[in-house]
Amino acid sequence: MSVEILDGATIVNFLQDEEAFSVSVRNRFARLDTDNDGLLSYAEMLKELQSLRVLETHFGIDVEPDPDELAHVYESLFVQFDHNLNGTIDLDEFKKETRQMMLAMADGLGFVPVQMVLEEDSILKTAVERESNKLAA
């Protein structure tokens, strides 16, 4: 993990670079697809959902979430990705929903830079690195 500074423009710029975004999403999907069947099951996707740390912090302080509430949130998020409701997520569904979530995050961040703790192999980390490389060039 690392602490990075980003804003909505960093995310939007990354999403507009279709090639960079697609490669990043394909790579993330491949890491999650542990049985290599081209689909993400709930069990495979659960690791990704848990990495979001939904409801696990309150103003930056870790709290003990209600396990039933957390399970319901994860199930709801899985359904949000599973557009055709067949119980699995294909690459196209994963890419479309990842894009929508990132756009929502960009909208929420606006243009005020914030510090965020990012996983090293996360799509957001890739977006920040891409932006940093553009600025350094």
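Predicted model: local features only at pLDDT ≥ 70, side-chain atom pairs only at ≥ 80, totals over all residues.
Local features are described at pLDDT of at least 70 and side-chain atom pairs at pLDDT 80 or more, while totals for chains, interfaces and linings use all residues. Residues are numbered from 1 along each chain as its sequence is written, and side-chain values use heavy atoms, without hydrogens and water.

Strand β1 covers residues 2-6; strands (E, at least two residues) and helices (H or I, at least four) are DSSP runs numbered from the N terminus. Buried means under 20% relative accessible area, exposed over 50%, and partly exposed in between, with a 1.4 Å probe and protein chains only. β1 runs antiparallel to β6 (residues 114-118), joined to it by 5 bridges; pairing requires at least two DSSP bridges. Opposite E4 stands M116 of β6.

Helix α1 (residues 8-16) packs on helix α6 (residues 123-136) at about 90°, with the axes 9 Å apart. Axes are lines fitted to C-alpha atoms over the stretch in contact, and angles run from 0 to 180 degrees between N-to-C directions. α1 is therefore roughly perpendicular to α6, a term for angles of 65 to 115 degrees. In α1, T10, I11, N13 and F14 meet residues of α6 including I123, L124 and V128, where contact means heavy atoms within 4.5 Å.

N36, in the loop between α2 and β2, has a positive phi near 55° without being a glycine. N36 counts as exposed because its relative accessibility is 63%. L85, in the loop between α4 and β5, also has a positive phi, about 55°, and is exposed at 60%.

Technical notes
Parallel < 35°, antiparallel > 145°, perpendicular 65-115°, else oblique.
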